[in-house]
Amino acid sequence: MAKKIAGYLKLQVPAGSATPSPPIGPALGQRGLNIMEFCKGFNAKTQEMEKGMPLPTVITIYTDKSFSFITKTPPASYFLKKAAKVDKGSAEPSRETVGTVTRKQLREIAEAKMVDLNADSLDAAEKIIAGSARSMGLEVVG
């Protein structure tokens, strides 16, 4: 028989460096979950990835205080900042640009994010990523 789901918890955890400190520890602790079990499992699953890459993680909590988790692809903003070689987006995106990204870079990011995007084709996914770039103050060239 399948376990009964008590709820879901969404966290953004750095790859390979989950620790019991905030925000992970308090979020899991108040739901009665084993914090160290999650940290060890998450770090083992993400050890091949770039250390510190932010990974949206959905933790499924069961009524018997057990859990399972899945990781998604990093946010588009992470990939865009990396491609444009900038530390952060613009404070006023419509007025000032902080960097540029090419169509080729947008396509690569769209391919990486395709599983998590709500798009039917790669072209549609590329348009979504281009919109994210513009809202960050990045200029799309090429």
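The talk below takes the sheet and then a pair of helices.

Modeller: This is a predicted model, where local features need pLDDT of at least 70, side-chain atom pairs count only at pLDDT 80 or more, and totals for chains, interfaces and linings use all residues. Residues are numbered from 1 along each chain as its sequence is written, and side-chain values use heavy atoms, with hydrogens and water left out.

Colleague: What makes S1 and S2 a pair?

Modeller: Two strands pair if DSSP finds at least two bridges between them. Nine bridges join S1 to S2 (residues 54-62), and the two run antiparallel. Strands are DSSP runs of E, at least two residues, and helices are runs of H or I, at least four, numbered from the N terminus.

Colleague: Why are S1 and S3 called edge strands?

Modeller: The open sheet has the order S1-S2-S3. S1 (5-14) and S3 (67-71) each pair on one side only, so they are the edge strands.

Colleague: Why is H3 called roughly antiparallel to H4?

Modeller: H3 (residues 76-84) and H4 (residues 103-113) pack at an angle of about 150°. Angles run from 0 to 180 degrees between N-to-C directions, with axes fitted to C-alpha atoms over the stretch in contact. Under 35 degrees counts as roughly parallel, over 145 as roughly antiparallel, 65 to 115 as roughly perpendicular and the rest as oblique. Therefore H3 is roughly antiparallel to H4.

Colleague: Which residues of H3 meet H4?

Modeller: Ala-76, Phe-79, Leu-80 and Ala-83 do, and their partners in H4 include Leu-106 and Ile-109. Contact means heavy atoms within 4.5 Å.
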